[in-house]
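The entries follow the order in which I checked them.

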Amino acid sequence: MKTIRIITIAFLLPFLCYSQNKFSAGINANSGISFLQIKESQAASGINEKGGLRFGYSVGVQVQYKLSEKTFLRSGVNYQSSSNRHKIEGLRFGTDIINGTESSIQNDIAISSIGIPSRFWLSNRIKK
């Protein structure tokens, strides 16, 4: 229940913080698909390495402060989580040789990161 309250407050934050014209805040969310591609594998002959498709997401908050009519300063925090799948096929261990089979190994690699983007913008637009 506490998580639902936090998410609700986070979604309402842009509406609650818009009371001043110079200051604004917002949230962002994104989803993505990552694909691991293996180039120039150094695996022994008969062993196949593959990458797979995996899903990921990112969420974040940002604030912006308007310095003048043509300039603003923006910053925030972003959390990103993604994963990749690495599969090795065609392995032969002692038991595989006896049984006439092949083994494979599958690694699911999780990647998490926190980013702090910032931006200073100066607009050169001329008003007519």
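I began with the term itself: a salt bridge is a side-chain nitrogen of Lys or Arg within 4 Å of a carboxyl oxygen of Asp or Glu. I note that the model is predicted. I found that the structure holds five salt bridges.

Entry on D108. I looked up the partners of this residue. The side chain of D108 forms a salt bridge with that of R54, at 3.9 Å from N to O. This pair connects distant parts of the chain, since D108 lies in strand β4 and R54 in strand β2, 54 residues apart. D108 also meets R85 in a salt bridge, at 2.8 Å from N to O. Here strand β4 is linked to strand β3, where R85 lies, 23 residues from D108.

Entry on E102 and R92. Their side chains meet in a salt bridge of 3.2 Å, N to O. I placed E102 in the loop between α2 (94-99) and β4, and R92 in the loop between β3 and α2. R92 has a relative accessible area of 52%, so it is exposed. I also noted that K50, K87 and E89 are joined into one network by salt bridges that share partners.

Which residues make the nonpolar surface patch? I listed Y57, V59, V61, V77, Y79, I114 and I116, with a patch area of about 660 Å². Strand β2 gives the largest share, three residues. I114 is in strand β4 (residues 103-115). I114 counts as exposed because its relative accessibility is 63%, and the cut-off for exposed is over 50%.

Key:
Residues numbered from 1 in each chain as written. Predicted model: local features only at pLDDT ≥ 70, side-chain atom pairs only at ≥ 80, totals over all residues. Heavy atoms only, no water. Patch = residues over 30% accessible without salt bridge, like charges linked within 9 Å, V, L, I, M, F, W, Y side chains within 5 Å. Areas by Shrake-Rupley, 256 points an atom, 1.4 Å probe, with all protein chains shown as cover. Helix = DSSP H or I, 4+ residues; strand = E, 2+ residues; numbered from the N terminus. Buried < 20%, exposed > 50% of the residue type's maximum accessible area, 1.4 Å probe, protein only.
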